[in-house]
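User: Please take a close look at the metal site in this model. I would like the site itself, then the chain around it.

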Amino acid sequence: MTDGSMIELKDAGFRWPGRGAFALTVPEFFVERGETVLLLGESGSGKSTLLSMICGTILADVGTVAVDGVDLKTLSGWSRDRFRAEQIGVVFQQFNLLPFGSVADNILLPLRFAPGRRKRCAAPKQRAAELCQLLGLPDGITASKAANLSVGQQQRVAVARALIGEPPILIADEPTSSLDELAQSNFLDLMFDQVAAQGSSLLMVSHDPQLGERFDRVVRMTDIVTIERQAA
Ligand code: ADP
Ligand code: MG
């Protein structure tokens, strides 16, 4: 680990409350600037929980989670949301699209909260349409309601939303699971193009070890995380 890490966890722990509680501890994990890391782990191994800690949608109960040198627990809820919008383009496993918003509304949403990303995007609407095209979505789809799209199409919209405005960090939670082979390879090309052009860091989670070849580093959950499950 160096001082300049883009993402850095130190003795970070989080416990989901409730019956059958699941607790996760990360002694040390980091992603450097411009580095691409594939995180592999079985279903239920805490991958999405770990990404939520890094995105600051959940806060570590103990230890440190720092993004671009900022300890997330020092930010208020509101400034953490802003900080995430600026720093991280994220594709959640459940996409999290606004169902009644248009495709364009959804893709452009992060720019509203992130002036830095907005500035990197000279013509946002054109860029949104271009990203849709690059991801193999049909022409004119930007006006459609997100709720009317197929699952595969929604996933691509979530990907376009992550890429718009070229955030310094890209995080993707099993982003290729509902994409066919062509869309999957276009998506990975787009991610890696952005990494190459902007020096963005990429952290992607998957259970598919075959994707590993393209990444600087492949990390297994079992090597960085200890988990504890209570009987339900
Ligand atoms: P993965 O992404 O590797 O499949 P998750 O991080 O989604 O793993 O889930 C790990 C465990 O964390 C789950 O088995 C569950 O016990 C717990 N968990 C995940 N999300 C929640 C939640 N929203 N509320 C309560 N427990 C949760
Ligand atoms: Mg998951």
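**The magnesium site**

Ser-48, through OG, and Gln-93, through OE1, coordinate the magnesium ion (ligand 2) at 2.1 to 2.4 Å. Donors are N, O and S atoms within 2.8 Å of the metal (3.2 Å for Na, K and Ca); water is not among the atoms, so sites may look incomplete. Ser-48 sits in helix H1 (residues 47-55), and Gln-93 in the loop between strand S6 (88-91) and helix H3 (103-113), so the pair ties together parts that are 45 residues apart in sequence. Helices (H or I, at least four residues) and strands (E, at least two) are DSSP runs, numbered from the N terminus.

Ser-48 is partly exposed, at 29% relative accessibility. Gln-93 is partly exposed too, at 38%. Buried means under 20% relative accessible area, exposed over 50%, and partly exposed in between (1.4 Å probe, protein chains only).

This is a predicted model: local features need pLDDT of at least 70, side-chain atom pairs count only at pLDDT 80 or more, and totals for chains, interfaces and linings use all residues. Residues are numbered from 1 along each chain as its sequence is written, chains are lettered from A and ligands numbered from 1 in the order in which they are written, and side-chain values use heavy atoms, with hydrogens and water left out.

Now the chain. It has eight helices and ten strands. Of its 232 residues, 52% are buried. The C-alpha trace spans about 50 × 35 × 35 Å along its principal axes. Among contacts (heavy atoms within 4.5 Å) between residues at least 6 apart in sequence, 73% join residues at least 24 apart.
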